[in-house]
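Me: I am new to this structure and would like to learn how to read it. Please begin with one local feature and then turn to the whole.

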Amino acid sequence: MPGRIEDYALLGDLQTAALVAKDGSVDWLCLPRFDSPSCFTALLGDERQGHWRIAPVEAGSCTRRAYHGDTLVLETFWETPDGAVKVIDFMPQRDHAPRLVRIVEGLRGSVEMRGDLRLRFNYGRSAPWVRRTEHHRIAVAGPDSAWLRLVPGIHTFGHDSSTRSEFTVRAGERVPFVLTWQPSHLPTTHRVDPDHLLRRTADAWQHWTAGCRYQGPWPDAVVRSLITLKALAYRPTGGIVAAATASLPERIGGVRNWDYRFCWLRDSSMTLSALLRGGFRDEAAAWRQWLVRAIAGDPGDLQSVYGVGGERRLPETDAHWLPGYENSTPVRFGNAAVDQLQLDIYGEVVDTLYLALTAGIPMERHVWGLVKALMSFLEEHWQDPDEGLWEGRGGRRHWVHSKVMSWVAADRAVRMAEATGLPAPADRWRAMRHAVHADVCAHGYDAGRGVFVQHYGGRDLDAATLFIVKTGFLPPDDPRVVRTVDAVRDELDHGGFVRRYAGESEVDGLPGSEGAFLACSFWLADALSATGRPEAARELFGQVLASANDVGLLSEEWDPAHRRQLGNTPQAFTHVALVNTAFTLAEASAPASVPHSGQ
């Protein structure tokens, strides 16, 4: 069985990612891209679907582990009766081909080690043919090949459909393993020096994190979140995937299992804000450029989600041959949300471009033309029902959040027109801004309860209504805002965290429930701070931080009853919210003269 979701640490080379469990097993790796088929898929089944474990013989979970400073180099330690050993895991930022490097280092005494490499390409479905050369074991299946480079003297042999290595490591010795992927038609692979790759990889991460501007009370959490966000960015295009994984369940044994290895527009403005606030302008600019390329075309065809290269077709399929994480089925690859109408994303896109402009990233004329095209579409369609932020599969409705984000689109478009002097129908946009605002206040507000609700005609709450204060739709001292914040805090509480909404089955058309949504808990902390309750905000923020795993990673959701992470991991949406909230709370307690970028 795979480990608990919180048992996994992240490795990455800025084009794909691997997950390593506490027992030293790499249970998830897609090659050569985030959204490529996996060659290790034990995460969604068991070791028969592919994994690579290196650990002391008969050992279970490690004694401890940690990232090496502010890097993505993982160090895992075992203490045994005969000695101590460390396994160093990393993926060097790519030059020719993707590589996973594992270096076993003896620390004390002598430790008998075992490695089991079971490659299963095509999401655990294709067992390769394996052949040996003087220095490699080469696994080939269809278009894929993986080359395991070994140092002389390592006893390696076939065992139970895997490649097993057995060796003893003594204090001061280092035994490296390098796994390289490349297309199977290529005849050979480049030889590399593992220790050189280690130094280069650690130096690159430390150089990057040195640019972080955060100076508040939670530096470790913020820097680790920014490293995670950087690791989820596909360097060739600038696109940022929502998570490294697919089909980890939002409820153990349930059906809410989705593929998050794609780029969501709903994350765009918050992601840009986190990067700009953190001091990473280059990554923010690359994300903006990816966004502009991805959405180019007919504004009526705007999708909520795209591939890392801007791909539009992401067909959703069920992997019937996989048993699922702890028997959570179906296992899905691809995402059908591409076919939904989500009007909130128009506001996200325009807000992203506005944030970039206020940060000094110029507004090109062709991008301004795109803004005007998006606004023309939204002027005609903001009154339509849609599937909404949460991608419900229970039918279209008039979601309050979608209307609020339509207001955001009009508001930010007006501000950009005023700031740049570029030609625009600003009076029409002002009229739309006024009309949307009046509509939300008339139909999205339950006067009897004194709160904003999830959708027109409904009475249920939605954590997304917190964006009413977050976006400036209403001021934080408005009594309607304060009552809505209090209602979300009380009625959507789930063990001290925040659910997205109540009545899941009615909203999304799926059976069962889910855990608390971690990003929503950060949004509530923002709202508490904005409405004059900084201590409650900091307390909630600290509680959410405490749900991170031993290396600082957070998934999508949290199960307070069983104290388990749920959903895909690590989740960009969660770590973005963490960064923004950390800055918001730090700024709220700092002198007003402290400058910052972003919203």
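**A helix, the core and the chain**

Reply: Just after helix H13, Gly532 adopts a positive phi of about 85°. Helices (H or I, at least four residues) and strands (E, at least two) are DSSP runs, numbered from the N terminus. This is a predicted model, in which local features need pLDDT of at least 70, side-chain atom pairs count only at pLDDT 80 or more, and totals for chains, interfaces and linings use all residues. Residues are numbered from 1 along each chain as its sequence is written, and side-chain values use heavy atoms, with hydrogens and water left out.

Me: Is H13 mostly covered or uncovered?

Reply: Buried means under 20% relative accessible area, exposed over 50%, and partly exposed in between (1.4 Å probe, protein chains only). H13 is mostly covered, with twelve of its 13 residues buried; among them are Phe522, Trp523 and Asp526.

Me: Which residues touch the most other members of the largest nonpolar core?

Reply: A nonpolar core is a set of buried Ala, Val, Leu, Ile, Met, Phe, Trp, Tyr and Cys residues joined through side-chain atoms within 4.5 Å. In the largest, of 189 residues, they are Phe40, Trp52, Val104, Phe177 and Trp523. Helix H8 (residues 400-420) gives the most to this core, eleven residues. A second, separate core of eleven residues includes Trp258 and Val338.

Me: How many helices and strands does the protein chain have, and what share of its residues is buried?

Reply: The protein chain has 15 helices and 26 strands. Of its 599 residues, 62% count as buried. Its C-alpha atoms fill a box of roughly 75 × 50 × 45 Å, taken along the principal axes.
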